[in-house]
Amino acid sequence: MVAQKITIEPVTRIEGHAKVTIRLNEAGKVDHAYLHVNEFRGFEKFCEGRMVFEMPLITPRICGICPVSHHLASAKAGDDALGAPPPRPAALLRELMHMGQIVQSHGMHFFELAGPDLLLGFDADPAIRNAVGLLQANPELTVQAVNLRKWGQEIIRILGGRRVHPSFAVPGGVNKALTKEERDLILSGYDEVIATIKTGIAIMNDWASRNMEDINKFAVLESGYFGLVKPGNTLELYDGDIRLIDSTGKELEKFDPRNYLDYIAEHVEDWSYLKFPYYKKLGYPQGVYRVGPLGRLNASDQISTPMANEELKKFKLINGGKPVGNTLHYHTARLIETLYAAENVKALLDDPDILSKEILNTCRNPKPQGVGVIEAPRGTLIHHYWVKDNGQIEKVNLIVSTGHNNWAMSEAVDNVAKTYITGPEISEGLLNRVEAAIRAHDPCLSCSTHAVGQMPMVIEIRDVEDQLVQSLRRD
Amino acid sequence: MAKPKVSTDWMAGCAGCHMSLLDMDERIAKIAELVDLRSTPITDLKVPDESGVDVGVLEGGINNTSNEEVAHRMRSRCKILVALGDCAVFGGVPAMRNFFTIEESLRRAYIESESTDDSGKIPSDPELCKPTKVRALHEVVPVDVFVPGCPPNADTIFYVLSELAQGRIPDVKDDKLSWY
């Protein structure tokens with residue numbers, strides 16, 4: 001047998017543009033698999049010269065699924081650069097919008113992107129293995145999923161005027177207060193949303209119990225875990241300190257996120273437009289860590305809301321109190337976070353300050369730089385601006401959520417390819433499992449490369465002389 | 001009569017127009033009744049049918065060689081091509097890169113940025129596409145229907161797809177051009 005290369009292009013049911021190449025050696029075994037993120041837009045350059053107050057409207061165009069994350073991180077960087085911390089009601093309102101986004105993004109991912117694999121099966125016919133197939137197989141569940149996403153999107157629209165690319169946060173606060181009617185409107189959907197999320201948790205737990213073999217061999221990786229926490233190592237998504245733990249659970253660092261450059265750096269590989277963040281003290285790749293739901297739940301010891309905290313306790317039992325490294329448990333962790341976000345919406349709406357009109361700090365105490373950090377659905381998002389005296393942006397550095405998971409996704413692809421592709425017969429379902437390794441991370445590749453795209457699906461197996469040996473088409 | 005086939009894809013955009021499409025909420029079931037949804041970024045069919053589709057919808061402008069291929073392929077396989085959103089219609093926010101050179105943008109991201117370590121270099125593996133000047137869709141292929149907005153709102157998208165599904169060219173004007 002001769003060495004071969006398998007290409008999967010594009011990866012679907014993810015946000016953004018990726019391709020996978022799997023190199024086989026002469027014995028037909030997988031030598032290595034690579035995740036190539038294949039786009040680049042250049043926000044870090046073309047924002048130079050813009051005004052700092054424009055950034056919360058420009059940067060959300062990095063991503064249409066999580067624009068609120070960029071909107072808020074950008075406003076926080078503006079707060080920092082202008083020396084204008086928002087009043088408490090404004091911080092609560094921003095967090096409320098953020099919770100709406102977590103619910104819609106996580107909800108959509110579980111039910112509509114990852115769901116088809118879990119509910120219809122990895123090996124299901126690709127023609128129906130999608131949200132439309134789910135609609136036909138289980139219309140009631142699909143309606144619940146649509147309503148879950150809708151509730152999150154409506155919170156964003158009520159606060160910011162529209163669902164995608166809202167206008168709400170500004171340096172120093174927000175531009176609109178919440179009315180009592182709007183508050184009651186959001187609360188009216190609460191019970192149904194909680195029920196839907198619990199249904200999702202039940203579906204995932206059921207799937208996990210019937211697929212323990214897969215759970216335990218599908219990309220079970222060792223890495224650090226990274227995310228924002230509040231005191232007591234409480235899960236935090238809007239504002240806190242960054243906590244980094246190692247694969248055994250030992251705390252390596254806890255730091256003010258504005259000092260991120262002291263702790264993390266980005267490595268570049270020739271074969272991907274997405275860089276590889278890592279913990280500087282351990283170097284690359286020893287210092288890699290995972291972010292997003294799995295990263296955050298591992299880095300946290302508790303959740304501030306009761307139902308989600310109960311689920312976290314069960315989650316912690318999976319690996320006897322040690323961090324959970326199974327890639328497929330990203331789905332479990334994502335649902336627990338969705339539950340937290342929904343409960344937190346109610347907690348915020350019950351706060352006496354949520355209807356306050358004190359929503360903007362107009363004092364100014366400018367500094368040459370500002371950093372804004374938030375936990376986007378997919379991971380820790382960092383906006384760093386260097387700002388001139390007149391408010392014009394001089395330089396921009398962004399480290400975007402999914403980017404921190406780049407090593408993990410590539411490693412997961414390699415691991416799953418090696419675990420499941422063992423013989424010369426390579427079925428479409430096997431390749432779908434390789435894609436599922438990426439999907440579990442719910443990557444936002446537009447965000448992470450500050451770019452997006454798509455291409456047709458052809459799998460070509462070529463020998464070492466680049467002669468076409470076999471071709472599989474998915475169209 | 002067979003349902004019209006619809007295929008969508010996204011290029012140098014942000015996926016926001018597709019999210020706005022999903023923002024039609026339960027009306028998606030109505031669209032699924034009216035049309036045969038073929039390849040989209042969120043289904044597992046990867047390319048528009050070689051035998052052709054009736055309606056092709058593209059979000060995003062063109063900023064690299066992959067996008068060029070996607071645009072040409074969709075144009076050649078669909079009867080009516082829809083440019084969805086400001087990036088496809090005008091170039092959009094990503095077109096701000098045209099004020100700088102591609103080289104400067106790549107250097108900033110992969111070499112100069114403060115968090116990039118000594119391994120910084122511009123990725124050049126042959127598996128990767130090459131960046132190009134950012135263009136609107138109609139600068140690369142002829143477009144039949146323009147739906148501006150960043151993103152266009154869900155009501156407009158629902159209107160456009162329903163009209164096309166029933167064999168009519170949508171008239172995108174007045175409140176259908178509303179920013180909100």
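Modeller: Let us start with the side chain of Asp23(B), which makes a polar contact with the side chain of Arg163(A) at 3.0 Å. Please keep in mind throughout that this is a predicted model.

Biologist: Why is the pair Asp23(B) and Arg163(A) called a polar contact?

Modeller: The cut-off for a polar contact is a pair of N or O atoms within 3.5 Å, one able to donate a hydrogen and the other to accept it. The side chains of Asp23(B) and Arg163(A) make their contact at 3.0 Å, so the label applies.

Biologist: Where is Asp23(B) found, and is Asp23(B) buried or exposed?

Modeller: Asp23(B) is found in the loop between α1 and α2 of chain B. Buried means under 20% relative accessible area, and Asp23(B), at 7% relative accessibility, therefore counts as buried. Leaving aside neighbours within four places in sequence, Asp23(B) is in contact with Arg149(A), Gln153(A), Arg163(A) and Val164(A), and also with Ala154(B).

Biologist: Which side chains make polar contacts with the side chain of Lys275(A)?

Modeller: A polar contact of 3.5 Å joins the side chain of Lys275(A) to that of Ser113(B), and another, of 3.3 Å, is made with the side chain of Thr116(B). Since the cut-off is within 3.5 Å, the contact with Ser113(B) stands at that limit. Not counting residues up to four places away in sequence, Lys275(A) touches several residues, including Glu44(A), Glu266(A), His267(A), Ala109(B) and Tyr110(B).

Biologist: How do you know that β10(A) and β11(A) pair?

Modeller: Two strands pair if there are at least two bridges between them, and four bridges join β10(A) to β11(A), which run antiparallel. Ile264(A), for example, stands opposite Tyr279(A) in β11(A). Along β10(A), Ile264(A) and Glu266(A) point one way, whereas Ala265(A) and His267(A) point the other way, and all are buried.

Biologist: Why is strand β6 (residues 224–230) of chain A said to be largely enclosed?

Modeller: Six of the seven residues of β6(A) are buried, so the strand is largely enclosed by the rest of the structure.

Biologist: Which strands pair with β6(A), and how many bridges join them?

Modeller: With strand β8 (residues 241–245) of chain A, β6(A) pairs in the antiparallel sense over five bridges. Two bridges join β6(A) to strand β12 (residues 289–290) of chain A, and these two run parallel. Two bridges also join β6(A) to strand β7 (residues 234–235) of chain A, in an antiparallel arrangement. Tyr225(A) has Ile245(A) as its bridge partner in β8(A) and Arg290(A) as its bridge partner in β12(A), while the bridge partner of Val229(A) in β7(A) is Leu235(A). In the hairpin of β6(A) and β7(A), which has three residues between the strands, Gly232(A) takes a positive phi near 85°.

Biologist: What makes the largest cavity a cavity, and what lines it?

Modeller: A cavity is a set of points where a 1.4 Å probe fits but cannot get out. About 440 Å³ of space lies in the largest cavity, and the search of the whole structure finds eight cavities of 30 Å³ or more. The lining of the largest cavity has 24 residues, of which Leu21(B), Leu22(B), Ile28(B), Leu37(B) and Ile42(B) lie nearest its centre. By class, that lining has 16 nonpolar, five polar and three charged residues, and its largest share, four residues, comes from α1(B).

Biologist: How much space lies in the largest pocket, and which residues lie nearest its centre?

Modeller: About 350 Å³ of space lies in the largest pocket. Its lining has 19 residues, of which Lys76(A), Asp79(A), Asp239(A), Arg258(A) and Val371(A) lie nearest the centre. By class, the lining of the largest pocket has eight nonpolar, three polar and eight charged residues.

Definitions and conventions
Residues are numbered from 1 along each chain as its sequence is written. Chains are lettered from A and ligands numbered from 1 in the order in which they are written. This is a predicted model: local features need pLDDT of at least 70, side-chain atom pairs count only at pLDDT 80 or more; totals for chains, interfaces and linings use all residues. Side-chain values use heavy atoms; hydrogens and water are left out. Buried means under 20% relative accessible area, exposed over 50%, partly exposed in between (1.4 Å probe, protein chains only). On a 1 Å grid over the protein atoms alone, a cavity is a set of points where a 1.4 Å probe fits but cannot get out, and a pocket is an open set with protein on both sides within 12 Å along at least five of seven lines; lining residues have an atom within 4 Å of a point. Grid points are joined across faces, edges and corners, and a volume is the space filled by probe spheres set on the points. Ala, Val, Leu, Ile, Met, Phe, Trp, Tyr, Cys and Pro count as nonpolar, Asp, Glu, Lys and Arg as charged, and the others, Gly among them, as polar. Contact means heavy atoms within 4.5 Å.
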